[in-house]
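I opened this notebook to record what I looked up in one protein model. The entries follow the order in which I consulted it.

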Amino acid sequence: MGSWRRAEAAVVPPALRLQLGLTAVLAALTVLALGVLYAGDSEPGPVDARIGTAAYDVGSPWRHVALALDFLGEPAGATALVVTLMAGCLLLRRPRAAALVAAGAAAAVVAATLLKSLVGRTIHGGGNLSYPSGHTAFATALALAVALTATGRLGLGRTAGTALMLGAALTAGAAMGWAQVALGAHYPTDALGGWCTALAVVPAAAWLVDRMADRAAGPMADRRTDGTTERPAGRTAGRRADPSTDRRADRMAGRTAGPPSGTGRREVR
């Protein structure tokens, strides 16, 4: 008998579903609030002015670090990073995680691009839309996807999983956000908006990946890995036996069975 096909674990661990949902809602509200506050603006806000003076125009070697991080958010670097992470997930036999890497990154970039057109905040001229930072959203989305995969694979609980998820998102978002501010491509609040954009859309992308994977795996639930099928036990175990069939079987058995063991025919003299 073949072994059953083992179902892959969901990319959203059950222990983190509530935390992810609440985080997504709070992040979406933050993105909306900042978007309304800076809609159509082209100047740094009070928070941007305070933080920006310490981060703008960094010198060597930090500028090289910022340029390297910025490259990871450009089309060539982003593509290489996504392909590498997807390949790693597939090597670990986690196709759902690979799908989340692609879906989460795409959702974050698309959401950031749409929000830029809607908000209309600019930097260094009218053609440079800045809110939210797409680079920061992209980096945060990848970090979240990796953290969710690690949480499921390591079997982390609610506290450890939440800490890993937020820690990874904060580290990646802060690093890429700093690079964008240091290079003068975004205001600090743009980076914050990009970080929150990823926190808002990645949980939705993860839910969609799980939903589609579960639906696709449904027809294979009763199929074995060797290609054979097996009738569920409930279909035969609950079937009521036919008494007449049993009696006919007993009579047929009596006709064909030999004499009981230890006895024979009576000798006629």
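Entry 1, the whole chain. I note at the outset that the model is predicted. I looked up the secondary structure of the protein chain and found 10 helices and zero strands. I then looked up burial: 35% of the 269 residues count as buried. For the accessible surface I recorded about 16100 Å², with 63% of it belonging to carbon and sulfur atoms. I also checked the contacts between residues at least 6 apart in sequence, and 80% of these join residues at least 24 apart.

I located H7 at residues 158-182, which gives it 25 residues. From first C-alpha to last it reaches 35 Å, close to the 36 Å expected at 1.5 Å a residue. Its buried residues include Gly 161, Met 165, Ala 169, Ala 172, Met 176 and Ala 179. After H7 I found Gly 184, with a positive phi near 75°.

I looked up how H6 (residues 134-154) packs with H8 (residues 188-217): the angle is about 40° and the axes lie 8 Å apart. The two helices are therefore oblique to each other. I recorded their crossing as right-handed. On the H6 side the contact involves, among others, Thr 136, Thr 140, Leu 144 and Leu 148. On the H8 side I listed residues including Ala 191, Trp 195, Ala 198, Val 202 and Ala 206.

Conventions. Residues are numbered from 1 along each chain as its sequence is written. This is a predicted model: local features need pLDDT of at least 70, side-chain atom pairs count only at pLDDT 80 or more; totals for chains, interfaces and linings use all residues. Side-chain values use heavy atoms; hydrogens and water are left out. Helices (H or I, at least four residues) and strands (E, at least two) are DSSP runs, numbered from the N terminus. Buried means under 20% relative accessible area, exposed over 50%, partly exposed in between (1.4 Å probe, protein chains only). Contact means heavy atoms within 4.5 Å. Accessible areas come from the Shrake-Rupley method with a 1.4 Å probe; for residues, only the protein chains shown count as cover. The expected span of a helix is 1.5 Å times one less than its number of residues. Axes are lines fitted to C-alpha atoms, for helices over the stretch in contact, and angles run from 0 to 180 degrees between N-to-C directions. Angles under 35 degrees count as roughly parallel, over 145 as roughly antiparallel, 65 to 115 as roughly perpendicular and the rest as oblique. A crossing is left-handed if the near helix is turned anticlockwise from the far one by less than a right angle, and right-handed if clockwise.
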